[in-house]
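Let's take a walk through a protein together, one stop at a time. Have a look at the picture below and keep it beside you as you read.

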Amino acid sequence: MIFIKKILPNLLVLSSILMMFIVSQTSNNQEIQEIFRLIDDLATNLILVIVAITLGLFVAQYLYVLVGLVAAMALVVMVPALNTALNLSVDYVLACGLVCLGFSAISNIYANYRGIE
């Protein structure tokens with residue numbers, strides 16, 4: 001039961017990313033498909049992937065990672081001054097956030113599974 005409580009937020013994040021992909025493919029939504037193209041490019045960014053895996057492995061409560069990344073994405077998207085100062089687009093911020101959430105969820109599942117054995 002404890003294992004289910006630890007793994008549930010991770011599975012919710014991964015399933016929501018998968019559902020976004022399926023909905024974008026079936027509805028032929030070009031904006032969301034462009035975000036997934038950016039995700040495909042960012043998944044090869046080694047520094048971003050290492051940071052996401054480190055977050056997933058070393059933060060015991062994945063809910064902190066989830067809330068922190070979503071809050072950071074919301075802050076950058078909602079405050080236009082940050083977008084112009086950092087020269088970021090909303091699509092790029094969402095793609096970076098989804099890459100971090102996905103890789104950190106996978107590594108957190110691994111960390112919890114390793115601890116159960």
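Helices here are DSSP runs of H or I with at least four residues, strands are runs of E with at least two, and both are numbered from the N terminus. What you see is a predicted model, in which local features need pLDDT of at least 70 and side-chain atom pairs count only at pLDDT 80 or more, while totals for chains, interfaces and linings use all residues. Residues are numbered from 1 along each chain as its sequence is written, and side-chain values use heavy atoms, with hydrogens and water left out.

Let's begin in a loop. Asn-28 sits in the loop between H1 and H2, and its phi is positive, about 55°, although it is not a glycine. Asn-87, in the loop between helix H5 (80-86) and H6, also has a positive phi near 55° without being a glycine. Is Asn-87 buried or exposed? Its relative accessible area is 70%, so Asn-87 is exposed. For these words, buried means under 20% relative accessible area, exposed means over 50%, and partly exposed lies in between, using a 1.4 Å probe and protein chains only.

Now move to the inside. A nonpolar core is a set of buried Ala, Val, Leu, Ile, Met, Phe, Trp, Tyr and Cys residues joined through side-chain atoms within 4.5 Å. The largest one here has 22 residues, and those with the most contacts inside it are Val-13, Ile-39, Leu-42, Leu-48, Tyr-62 and Leu-101. At least two residues of this core come from each of helix H1 (2-27), helix H2 (30-42), helix H3 (46-58), helix H4 (62-78) and helix H6 (90-116). H6 gives the most, with 8 residues.

Contact means heavy atoms within 4.5 Å. Leaving out residues up to four places away in sequence, Leu-48 touches Leu-42, Cys-96, Val-99 and Cys-100. Met-73 belongs to helix H4 and is buried, because its relative accessible area is 12%. Beyond its neighbours within four places, Met-73 is in contact with Val-93, Leu-94, Gly-97, Leu-98 and Leu-101. Met-73 and Val-93 are 20 residues apart in sequence, yet 6.3 Å apart in space, C-alpha to C-alpha. Leu-14, in helix H1, counts as partly exposed because its relative accessibility is 25%. With residues up to four places away set aside, Leu-14 touches Gly-102, Ala-105, Ile-106 and Ile-109.

How many disulfides does the structure hold? The number is 0, where a disulfide is a pair of cysteine sulfur atoms within 2.5 Å.

Our last stop is the largest pocket. On a 1 Å grid over the protein atoms alone, a pocket is an open set of points where a 1.4 Å probe fits, with protein on both sides within 12 Å along at least five of seven lines, and lining residues have an atom within 4 Å of a point. Lining the largest pocket are Lys-5, Lys-6, Pro-9, Ala-60, Gln-61, Tyr-62, Leu-63, Asn-108 and Asn-112. H1 supplies the largest share of this lining, 3 residues.
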